[in-house]
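Where does a protein leave empty space among its atoms? Rolling a probe the size of a water molecule over the atoms shows where such space is left.

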Amino acid sequence: MNNALRITAFAAALAATFGAAYGVGRGVDPLVAAEDRPAGQHGGHDGGGEGGAEVAGHAPGGLQISDGGYTLALETPVVPAGARSEIRFAVEDDSGRKVTAYRREHGKELHFILASTDLTQYRHLHPVRAADGTWSTPVDLPEAGGYRVFADFTPAAAGAENLTLGADLAVSGAYRPAALPAPAAVAEVDGYRVTLGGELRAGQPGELTPSVSRNGRPVTDLEPYLGAYGHLVALRAGDLAYLHVHPNEGDPGPVVSFTATAPSAGTYRLFLDFKHQGKVRTAAFTVRAAAPASDVAGHRESGSGAPAGHTH
C-alpha cells in the first residue's frame, strides 16, 4: 500500500472514531436492568441505574471516560487491522494514580468489552494486570474503523461502586463501513443454533430467552462461564450505551433467561456468550425495542398513525 493510501485509510479510521464519539456524546438513555437499582449505582455488570442518565445525575454506563473519581486511560488508542497487537490501559483515580486493587466480580477483577461502532465486531476480553496497575490484552481485529472499549469493574476502595467506563479506539486500515445486520431471531455460530425468544420493550421489563441447540438437538449441558450459564451484553445502536446482564436462575440449557428493560424505542445489538465443551462462543442478535404500549396508544389517539412497535 503506498503512503497516500495508508494516510487515507488511517484518516478514515480516525474519522469513524470521532464520528462515534460525537454519537456517544449525544447519547441520553442506556439500557437498564429490569430490577430496581439503588440511587447512585452506575451501569456495569448489573446493568445501568433505573432511569438512566437521571439517576443521581450520572451519565449512562459506557458513554463516559471518567466517572465517580476514576478515569479510563487508554494507552493504545490505535491498533492495526488484521494483525495481532496489544491493547494497554489503566484505570486512574482522581489523583492520577493507577488503581491496583479491585473487587473480584464473576471471577475477574475487570471485564473488558470491545465493539466496533457499526456493531459488527465484538470481543469480551479478560486482560492481565501488571503490578503497577497497567492492564494489557492481545487482540486481533479483522476490520478497520472506529471502535469503543468498555472497562467494567469495581475498585476495592471503601464505598466504591461498580463502574463501566468507555473510550474510543481507532483500528487503522482500509475502512469499509458495514450496515447493522437486520433483526433476526436466529443466530448460527460454530454449528450451534441459538434462537432468541421473548421481547424487548421500552419502559417495561421483559424476558429474553435464548435457547441453544446443536445438530437439531437441544443443548442441556451448558457449562458455567464466569459463574453463570450465559452472559448477555446489549449495546444500543447509535451511541453504544452499555448493559451487561446476567441470567435469571435456571438450568444449564437449552434456555437461558434474562430480564431487561429498554428505556427507549430503538435498535439494539445483543451479544450472548455461552460455554459448551470447554469453549466460549458468542451469538449476536439485532433487536428492536418497541415503544411502550401507552405511547403507542397516545400516538393513535392523536391521529399520528404510528403503528405498534414503531422505532426511530
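The paragraphs below go through the cavities and pockets of this predicted model.

A search of the whole structure finds two cavities of 30 Å³ or more. The second largest cavity holds about 40 Å³ of space. Its lining consists of Leu196, Leu208, Pro210, Leu232, Leu270, Leu272 and Phe285. Strand S14 (206-214) and strand S19 (266-276) are the elements that each give two or more residues to this lining. By class, the lining of the second largest cavity has seven nonpolar residues, with no polar and no charged ones.

Turn next to the open spaces, starting with the second largest pocket. About 150 Å³ of space lies in this pocket. Pro183, Ala184, Ala185, Leu196, Gly198, Glu199, Leu200, Leu208, Leu270, Thr286, Val287 and Arg288 line it. Two or more residues of that lining come from strand S13 (192-198), and likewise from strand S20 (279-289). S20 gives the most, with three residues. The lining of the second largest pocket divides into eight nonpolar, two polar and two charged residues.

The largest pocket remains. About 180 Å³ of space lies in the largest pocket. Of the 13 residues in its lining, Tyr229, Pro247, Asn248, Glu249 and Gly250 lie nearest the centre. The lining of the largest pocket has five nonpolar, six polar and two charged residues.

Conventions
Residues are numbered from 1 along each chain as its sequence is written. This is a predicted model: local features need pLDDT of at least 70, side-chain atom pairs count only at pLDDT 80 or more; totals for chains, interfaces and linings use all residues. Side-chain values use heavy atoms; hydrogens and water are left out. On a 1 Å grid over the protein atoms alone, a cavity is a set of points where a 1.4 Å probe fits but cannot get out, and a pocket is an open set with protein on both sides within 12 Å along at least five of seven lines; lining residues have an atom within 4 Å of a point. Grid points are joined across faces, edges and corners, and a volume is the space filled by probe spheres set on the points. Helices (H or I, at least four residues) and strands (E, at least two) are DSSP runs, numbered from the N terminus. Ala, Val, Leu, Ile, Met, Phe, Trp, Tyr, Cys and Pro count as nonpolar, Asp, Glu, Lys and Arg as charged, and the others, Gly among them, as polar.
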